[in-house]
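Work through the exercises below with the sequence and the model in view. Each task is followed by a solution in steps.

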Amino acid sequence: MFIHLGGEKIIRSSELIAIFDLSIEKSSKISKQFIAEAARSKKIEIIGEEECKSLVVTQGKVYYSPISSMTLKKRANQLLTN
């Protein structure tokens with residue numbers, strides 16, 4: 001199954017690790033370190049040109065998505081219940 005993250009970006013649901021509200025980026029030291037390391041490794045992708053609302057962590061990348069974390073979680077849960 002697949003999850004649409006916004007723009008033209010779609011990922012396999014099997015690659016999904018976590019979905020976070022963008023506020024987590026500033027809320028803890030660990031999340032700041034995680035994002036900094038992903039940036040150093042060039043594993044961050046910003047989807048579209050709209051304001052980013054969530055972070056999606058996959059096995060290979062961290063995506064900044066313009067879709068809210070609640071909407072993305074609902075999409076992921078729909079895949080699990082079907």
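A residue is called buried if its relative accessible area is under 20%, exposed if over 50%, and partly exposed in between (1.4 Å probe, protein chains only). The model is predicted, so local features need pLDDT of at least 70 and side-chain atom pairs count only at pLDDT 80 or more, while totals for chains, interfaces and linings use all residues. Residues are numbered from 1 along each chain as its sequence is written, and side-chain values use heavy atoms, with hydrogens and water left out.

**Exercise 1.** Decide whether serine 31 is buried or exposed, and find what it touches.

Step 1. Serine 31 is located in helix α2. Helices (H or I, at least four residues) and strands (E, at least two) are DSSP runs, numbered from the N terminus.

Step 2. Its relative accessibility is 12%, so serine 31 counts as buried.

Step 3. Contact means heavy atoms within 4.5 Å. With neighbours within four places in sequence set aside, serine 31 is in contact with Ile24 and Glu25.

**Exercise 2.** Describe how the buried residues of α2 are arranged and what covers them.

Step 1. List the buried residues of α2: Ser31, Ile35 and Ala38.

Step 2. Viewed down the axis of α2, these fall within an arc of 60°, so they line one face of the helix. The arc is that of the directions from the helix axis to the C-beta atoms.

Step 3. The cover over these buried residues includes α1 (24–27), β4, β5 and β6.

Step 4. On the face turned away from the buried side, α2 carries the exposed residues Lys29, Ile30 and Arg40.

**Exercise 3.** Give the strand order of the open four-stranded sheet and identify its edges.

Step 1. Two strands pair if DSSP finds at least two bridges between them. The order is β3-β5-β6-β4, and the pairing is mixed.

Step 2. β3 (16–21) and β4 (44–46) each have a single partner strand, so one side of each is left without a neighbour in the sheet.

Step 3. β3 and β5 (residues 54–58) run antiparallel and are joined by five bridges. Leucine 16 has threonine 58 in β5 as its bridge partner.

**Exercise 4.** Describe the hairpin formed by β1 and β2.

Step 1. β1 (residues 2–6) and β2 (residues 9–12) pair in the antiparallel sense over four bridges.

Step 2. Histidine 4 stands opposite isoleucine 10 in β2.

Step 3. Two residues lie between the strands, and glycine 7 in the turn has a positive phi of about 55°.
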